[in-house]
Amino acid sequence: MSAPAGLTVDGLIDNRFERGKVVVALNRAVLPDNLWPGTALNEGDALEIFTLFGGG
Amino acid sequence: MQDQFKIAGLRIKSRFLLGTGKFPSNEVMRAAIEASRAHIVTAALRRIDLDSEEENILDHIPEGLIMMTNTSGARDAGEAVRIARLSRAMGAGNWIKIEVITDNKHLLPDNAETIKASAILAAEGFIVMPYFNPDLADARRLRDAGAASLMPLGAPIGTNKGLCTKELIKILVAELDLPVIVDAGIGRPSQAAEAMELGAAAVLVNTAVATAKDPAGMAAAFALAVEAGRRAYLAGPGAVSETARASSPLTGFLG
């Protein structure tokens with residue numbers, strides 16, 4: 001998804017998902033959760049959020 | 001001597017591995033996991049939206065199990081490697097079932113890309129469990145790439161057709177000193193028992209359990225079958241004969 005500018009990753013994620021149950025990639029690179037608070041989103045950034053689903 | 005099942009030096013408590021896909025609900029899935037007594041369960045990594053309100057599967061996995069992420073959805077080695085790294089970054093551990101599929105009709109694995117991904121991820125410290133077409137030369141390449149086990153398909157994913165690759169799996173068991181875990185296509189407990197009787201170290205089942213009328217009941221049945229098959233393998237089945245051989249004396253009763 002295209003990231004909403006002006007927020008940190010922490011601000012975007014923290015209210016919606018539990019840490020340890022999602023992983024975030026910013027512009028294709030894994031963004032460890034300890035870096036969420038200090039990482040500001042810019043217009044055009046590609047933010048991806050992943051979690052586990054059922055699978056065989 | 002105790003019959004221990006180890007992967008990468010770790011003792012695994014059950015030879016029955018269970019997938020978590022296709023269950024009608026997370027509650028049914030949890031009941032099936034508990035009934036299966038599985039020690040390793042598999043899951044898949046997927047992208048979600050910010051407004052996703054789905055329950056997280058991790059809330060329904062019993063504690064103490066090994067969660068092995070698969071790389072389903074990967075179409076080449078690079079995508080499989082990315083999924084594995086994302087999974088580890090999330091805290092899902094080092095266990096990774098490598099699944100690279102380029103054929104959307106038959107869902108057969110791409111062995112060449114699987115071997116590439118295995119080498120990269122094994123070098124990064126992952127416990128690599130590759131799902132592949134049971135080819136002996138490729139099995140040796142996977143071993144050399146650092147695979148901790150081999151996961152040959154029994155039949156195409158989700159078909160419940162059983163051990164269509166039986167003869168090839170027998171060759172892998174005979175020729176390679178790695179645990180062979182039959183994955184995909186096993187549709188009945190009897191087929192799981194047959195795989196174990198052949199000398200497979202374990203089986204991984206998903207569809208046959210998740211789509212059963214009573215998934216927990218089917219999971220329990222598979223657990224018993226896997227145990228029975230293993231015991232039969234260790235007991236050494238008798239030879240097969242082309243001609244009849246009497247089990248009772250044929251003389252000294254009449255005449």
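This is a predicted model: local features need pLDDT of at least 70, side-chain atom pairs count only at pLDDT 80 or more; totals for chains, interfaces and linings use all residues.
Of the 56 residues that make up chain A, 43% count as buried.

The secondary structure of chain A amounts to 1 helix and 3 strands. Followed along the sequence, these elements give the pattern α-β-β-β. The radius of gyration of chain A is 11 Å, close to the 10 Å given by the globule rule for 56 residues, so chain A is as compact as a globular protein of that length. Taken along the principal axes, the box filled by the C-alpha atoms of chain A is roughly 40 × 20 × 15 Å. The contacts within chain A can also be viewed by sequence separation: among those between residues at least 6 apart in sequence, 58% join residues at least 24 apart.

In chain B, attention turns to helix packing. Two packed helices are described by the angle between their axes and the distance between the axes.

Consider helix α4 (residues 136-145) of chain B and helix α5 (residues 166-175) of chain B, which pack at an angle of about 40° with their axes 10 Å apart. Because angles under 35 degrees count as roughly parallel and those from 65 to 115 as roughly perpendicular, this value makes α4(B) oblique to α5(B). The crossing of α4(B) past α5(B) is right-handed. On the α4(B) side the contact is made by B:L136, B:A139 and B:R140, and on the α5(B) side by B:I171, B:L172 and B:E175. Sorted by class, the contact of α4(B) with α5(B) has 4 nonpolar and 2 charged residues, with no polar ones.

The second pair consists of helix α6 (residues 189-197) of chain B and helix α8 (residues 215-235) of chain B, whose axes lie 7 Å apart at an angle of about 25°. An angle of that value makes α6(B) roughly parallel to α8(B), since the cut-off for this class is under 35 degrees. The crossing of α6(B) and α8(B) is right-handed. From α6(B), the residues making the contact are B:P189, B:A192, B:A193, B:M196 and B:E197. Those from α8(B) are B:M218, B:A221, B:F222, B:A225, B:V226, B:G229, B:R230, B:A232 and B:Y233. By class, the contact of α6(B) with α8(B) has 11 nonpolar residues, 1 polar residue and 2 charged residues.

Conventions
Residues are numbered from 1 along each chain as its sequence is written. Chains are lettered from A and ligands numbered from 1 in the order in which they are written. Side-chain values use heavy atoms; hydrogens and water are left out. Axes are lines fitted to C-alpha atoms, for helices over the stretch in contact, and angles run from 0 to 180 degrees between N-to-C directions. Helices (H or I, at least four residues) and strands (E, at least two) are DSSP runs, numbered from the N terminus. Angles under 35 degrees count as roughly parallel, over 145 as roughly antiparallel, 65 to 115 as roughly perpendicular and the rest as oblique. A crossing is left-handed if the near helix is turned anticlockwise from the far one by less than a right angle, and right-handed if clockwise. Contact means heavy atoms within 4.5 Å. Ala, Val, Leu, Ile, Met, Phe, Trp, Tyr, Cys and Pro count as nonpolar, Asp, Glu, Lys and Arg as charged, and the others, Gly among them, as polar. The radius of gyration is taken over C-alpha atoms; the globule rule is 2.2 Å times the number of residues to the power 0.38. Buried means under 20% relative accessible area, exposed over 50%, partly exposed in between (1.4 Å probe, protein chains only).
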